[in-house]
Each structure stands twice: as structure tokens, then as C-alpha cells.
Amino acid sequence: MRIIPSYDLGALGPGTGEPVPYDWHWYYSVPGLGLWVVLALALVAPKANRTPGVVWILAPVLLVALLWLAIAWISKPVTSDRVMFGAMALSLAVGSAVLWLLGHVLAQRGRDRALVLALGLALGIALVGASWTQDFTEQTLGFASLLVVLMLTMVLGYAPAVHLSRGVYRPVKFLLLLGAGTVAFSALGMPLWFLLSSAATGHWPTNIPLVLGATVAGGALMGACVFLVSLLFILVGLRRPLLRPRFFACLGLTIAPDASTPAPAIP
């Protein structure tokens, strides 16, 4: 591919410049290709997922993608922000989908090992999502580290919800705990991310306490967005016979007698 700059300069100079070669691959035109590949593998690689009912997991993924497109259309962010936040939204959606698709595998590892494995999966998906931007500038690396924080937050948010539920699932209580835990981990993680990023780049603001306060508030807001992504998957997954048992088995929960959620059917 060659890029030739052109502009009508009149008598001041030629209208076209020297051609500049640029390597362009077809997959550059497929946003988040790596994330879609990861999702496809999680759909078809495990034998237990080779059933028509598994396609329901795509519903919240597509909904998140559509919501981001609507937000981007309304807010009209600059190209770099649109790419980065789009990668962030899709990474969170694909990461949550993969955890649900592999819930039966995680359930076999015990709660503590399942948490470690889930954190590893989230970290790997964050790195795949960050590679979407195709460059390694300081801004991109900062985005990658932020995405790692949010992906880990998505997983860690379940820990206090499960612990404080004491093994019994009550929908309202569990969702409130999940929301509070996700927001709290994100609000605590953002200042840590800011301090580590500033130390790595050597760029420190003049008023650090004020900026730290802003990062806590921003982290809480982003944590609320992460929780909304998790909520979409819970609302879909708990109503699907294939996915519902994985949720309870992976988290080690039983349904309270007064809960409105139907009992999980073991395939």
C-alpha cells in the first residue's frame, strides 16, 4: 500500500508529494479480531459447549458491543479514544463470556484455584484486547495496564459477594454485594494504577492528592460500568439450562429456598 499526500499549492509547488509505502494487512480492518478468535475457541474447543444452547452467551456480548457503538455515535470521541474504549468494552464482554463458557472447568478446580485460574484468563484476554491498537506508544501501554486493572476487577468483584453470601444465593443480596465489590476494587485499583503509571513514565502531576481523589471517583464510575457488563451475563446466564449450573458450581453457591431463580438443572 502506498500513501501519496496531495494538496493544491498553486504556483508554490507540486500538488503531490513522494509516495510513502505502508504495510497494511487485511485483519487491521477487523476490530478486535483476536478477541473474537478467543471467544470462538471458548465456544467450540470444550466438548461440553458443542450444543446449540451455548449461543445464548453471545447475546450479552453483542449487546455490549451495540451499546458502545451507540455511545460512540452520540459522544463522537476522537479516533484514538474510540479505538481504546471500544477495545475495553469488547474485552470485558469477551472476558466475561469466556469465564461463563469455562465455568464447568473452573468448578472442577476448587474455589481458590478457580479464582487464580479466572484471574489468569482475565489477564490473558486483557493482553489480547490491548493488542487491538496495533502500536506500543506510551498511551497504548497506559491503556493496556488500565484494561488489566478492569479485567481483574471484574473477577475479583465476585470474591466478596461469594464470601458474604455464605454459600447461599439470594438474587438481590448477591447482586448488591457484587456491585459493591466491583466498584470498590476498581476504586482502589485506579489510584494504584495511576501511581505505578506515573512512576514508570516519570510524569507526576503538580497536585497529587487532588488527582488521586479524581482517580478514585473515576475508578468507582468505571467499576460501575464493569458491574453492568457482569450483570448482563448474569441475567442471561441464569436463565439458560446449560450455563446456570456452571455459575452455581463455579462459585460454590446453593439457591436460597425463597429465591425466584429456578434451580439449576445439571446436564
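Analyst: Happy to. Helices (H or I, at least four residues) and strands (E, at least two) are DSSP runs, numbered from the N terminus. On that basis the chain has 10 helices and 4 strands, and their order from the N terminus is β-β-α-α-α-α-α-α-α-β-α-α-α-β. This is a predicted model: local features need pLDDT of at least 70, side-chain atom pairs count only at pLDDT 80 or more, and totals for chains, interfaces and linings use all residues. Residues are numbered from 1 along each chain as its sequence is written, and side-chain values use heavy atoms, with hydrogens and water left out.

User: What share of the residues in the chain is buried?

Analyst: Buried means under 20% relative accessible area, exposed over 50%, and partly exposed in between (1.4 Å probe, protein chains only). Of the 267 residues in the chain, 38% are buried. The accessible surface, from the Shrake-Rupley method with a 1.4 Å probe, is about 14,800 Å², and carbon and sulfur atoms account for 72% of that surface.

User: And what do contacts in the chain tell me about residues at least 24 apart?

Analyst: Contact means heavy atoms within 4.5 Å. Taking contacts between residues at least 6 apart in sequence, 67% join residues at least 24 apart.

User: Which residues have the most contacts inside the largest nonpolar core?

Analyst: In soluble globular proteins, nonpolar side chains tend to be buried together. A nonpolar core here is a set of buried Ala, Val, Leu, Ile, Met, Phe, Trp, Tyr and Cys residues joined through side-chain atoms within 4.5 Å. The largest one has 63 residues, and Phe174 and Phe247 have the most contacts inside it. Helix H3 (residues 79-101) gives the largest share of this core, 13 residues. Beyond its neighbours up to four places away in sequence, Phe174 touches residues including Tyr158, Tyr169, Ile234 and Phe247.

User: How many aromatic pairs are there?

Analyst: A pair of aromatic rings is described by the distance of the centres and the angle of the planes. Rings of Phe, Tyr and Trp (its six-membered ring) pair if their centres lie within 6.5 Å; planes under 30 degrees apart count as stacked, over 60 as edge-to-face and the rest as tilted. The count is 8 aromatic pairs. One of them, Tyr169 with Phe247, is edge-to-face, at 6.0 Å centre to centre and 85° between the planes. Tyr169 lies in strand E3 (residues 168-169) and Phe247 in helix H10 (residues 244-251), so this pair ties together parts that are 78 residues apart in sequence. Both Tyr169 and Phe247 are buried. Ring pairs also build a cluster of Trp100, Tyr158, Tyr169, Phe174, Phe247 and Phe248.

User: Which residue has a positive phi although it is not a glycine?

Analyst: Most residues other than glycine have a negative phi, and most peptide bonds are trans. Arg166 has a positive phi of about 55°. Arg166 sits in the loop between helix H7 (158-165) and E3, and counts as exposed because its relative accessibility is 73%.

User: Is Ser198 buried or exposed?

Analyst: Ser198 counts as buried because its relative accessibility is 4%. Ser198 belongs to helix H8 (residues 171-201) and touches His203 and Trp204, leaving out residues up to four places away in sequence. Trp204 is in the loop between H8 and helix H9 (208-237), and at 44% relative accessibility Trp204 counts as partly exposed.
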